[in-house]
Structures are given as structure tokens and as C-alpha cells.
Amino acid sequence: MAERRSRSISSRKQPQQVRSNELVAAILDAAVQVLAREGAQRFTTARVAERAGVSVGSLYQYFPNKAAILFRLQSDEWRRTSELLRDILADRSKPPLVRLRALVHAFIRSECEEAAIRIALSDAAPLYRDAPEAQEARAAGEEIIAAFMREALPKTPNATRVLAGELIKTTLSEIGKRFSEAPRSEAEIARHAGGLADMFRAYLGELARR
């Protein structure tokens, strides 16, 4: 990557007016298109500005470099993932294992629908993965999972719950990433997600019985 990791990954300023919001939205939409088509290695601010139909100077008003754009895309993805986790896992009207199954199906489908962008963002991760902002974003999702594990396994030692949550999160993420690398039909997604949910269900059931 041409731009140094030590440079700012935060947006230069936040849009305050409707027109500014529309400009930022256009830049981000263009960035998604460039990233999907060119990949992280060929992703540049010039290409994004051209795709968005704005000057590079206008783009720099909000994003100081390409790392800032990529981090914003990644932050938006983290936010959507956190909202997905919260909407499903925090719904106490349903039993924990029913929620977990729903999450697995929703997550795998989401991975397949946004595979191109996720893969490209993964390639760009060295630009921002160690930044404080990135750590804070990841922590939000981890706390949602931790709260769910406390509810699902109330009598299980905390260290075991933490490990279980980490194993489920890592397994779901890695399998989702690899599974989504090839185009998948709805039947394939349902079958794969169902098998993964069954595996998690058996695992948590065994922990609860100990």
C-alpha cells in the first residue's frame, strides 16, 4: 500500500448539511464499487473521486487518504454486524439456541451477499487493524456475544463461557469467509448454515451438561 499506516484513518470532518451528507454517501457508494471492481491493491482516492463524479479536493474535505475511506467502509460493516448480533441475540422473547440458529443463518447469508467487499476489506486490513478505533469497534460485538453467553450458559464458569464465545465467533467468521468465496445458492446457504448451527447447539448443550 502506498499510504503509510501511521496516517490518520479518521474522517477529516463530519458532514453537517444535507448536501454534504449526499456527497459523503456518493463517495462511499463509489468506494464500494471501486473496491469490488479493483480490489484493495488498486484502490485509490483518484479512482473513487472519478467514480463519484467529484474532485479529489472535494473528497479530501471528508477523507484525508484512502485508508480513511477504507476504514469508514469497514466501520460501517462492523456496525451492521453489531446491529445484526444485537437484533438477534438480545431478543429474549426467543430461547437462546433459537436465537443462535437465527444468527448463524443471517450471518452466513450476509457473508455471501457481501463477499466481494468483505474480501477486499480483509486485504486492506493492515491499514487500520491496530488502530484504537478498530479495537473499539470490535469490542462492541464481543460484548454482545459475551452477554448472550452469560444467558445461554448461566451455570457455566466464566472462563469456559468466554472461550465458548470466542470459539463460536471465530468459527462463524472463518467458515463464513471461506464459504462465501464461491457463489452459493439459497439451498447451499441454508444447508451449510443449518449444519453449523447444529454443531454450535451440540457444543453449548454439552457445556451446559457439565
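Contact is taken here to mean heavy atoms within 4.5 Å. Under that criterion, among contacts in the protein chain between residues at least 6 apart in sequence, 72% join residues at least 24 apart. The structure is a predicted model, in which local features need pLDDT of at least 70 and side-chain atom pairs count only at pLDDT 80 or more, while totals for chains, interfaces and linings use all residues. Residues are numbered from 1 along each chain as its sequence is written, and side-chain values use heavy atoms, with hydrogens and water left out.

The protein chain has 9 helices and 0 strands, where helices (H or I, at least four residues) and strands (E, at least two) are DSSP runs numbered from the N terminus. The order of elements from the N terminus on is α-α-α-α-α-α-α-α-α. Taken along the principal axes, the C-alpha atoms of the protein chain fill a box of roughly 60 × 35 × 30 Å. Of its 210 residues, 39% count as buried; buried means under 20% relative accessible area, exposed over 50%, and partly exposed in between, with a 1.4 Å probe and protein chains only.

Two packed helices are described by the angle between their axes and the distance between the axes. The axes are lines fitted to C-alpha atoms, for helices over the stretch in contact, and the angles run from 0 to 180 degrees between N-to-C directions.

Helix α4 (residues 66-89) packs with α5 at an angle of about 150°, with the axes 9 Å apart. That angle makes α4 roughly antiparallel to α5 (angles under 35 degrees count as roughly parallel, over 145 as roughly antiparallel, 65 to 115 as roughly perpendicular and the rest as oblique). The crossing of α4 and α5 is right-handed; a crossing is left-handed if the near helix is turned anticlockwise from the far one by less than a right angle, and right-handed if clockwise. On the α4 side, Thr81, Leu84, Leu85, Ile88 and Leu89 meet Arg99, Leu100, Ala102, Leu103, Ala106 and Phe107 of α5. By class, this contact has 9 nonpolar, 1 polar and 1 charged residues. In this classification, Ala, Val, Leu, Ile, Met, Phe, Trp, Tyr, Cys and Pro count as nonpolar, Asp, Glu, Lys and Arg as charged, and the others, Gly among them, as polar.

The packing of α5 and α9 has an angle of about 140°, with the axes 9 Å apart, and α5 passes α9 in a right-handed crossing. The residues of α5 in this contact include Leu97, Val104, His105 and Cys112, and those of α9 include Glu186, Ile189, Gly194, Phe200 and Leu204. The contact of α5 with α9 has 12 nonpolar, 2 polar and 5 charged residues.

Helix α7 (residues 132-152) also packs with α5, at an angle of about 145° and with the axes 10 Å apart. Here Pro96, Arg99 and Leu100 in α5 meet Phe148, Glu151 and Ala152 in α7. The residues of this contact divide into 4 nonpolar, no polar and 2 charged.

In helix α2 (residues 45-52), the buried residues are Thr45, Val48 and Ala49. These residues cover an arc of only 100° around the axis, which puts them on the same side of α2; the arc is that of the directions from the helix axis to the C-beta atoms. Just after α2, glycine 53 takes a positive phi of about 75°.

Glutamine 74 is found in helix α4 and, at 9% relative accessibility, counts as buried. Residues up to four places away in sequence aside, glutamine 74 touches Leu121 and Tyr128. Tyrosine 128 lies in the loop between α6 and α7 and counts as buried at 2% relative accessibility. Tyrosine 128 and serine 173 are 45 residues apart in sequence and 19 Å apart in space, C-alpha to C-alpha.

Isoleucine 119, in helix α6 (residues 115-124), counts as partly exposed at 31% relative accessibility. Its C-alpha atom is separated by 9.8 Å from that of arginine 178, 59 residues apart along the chain. Alanine 182 is found in the loop between α8 (158-179) and α9 (186-209), and counts as partly exposed at 32% relative accessibility. Alanine 182 and alanine 115 are 67 residues apart in sequence, and 8.7 Å apart in space from C-alpha to C-alpha.
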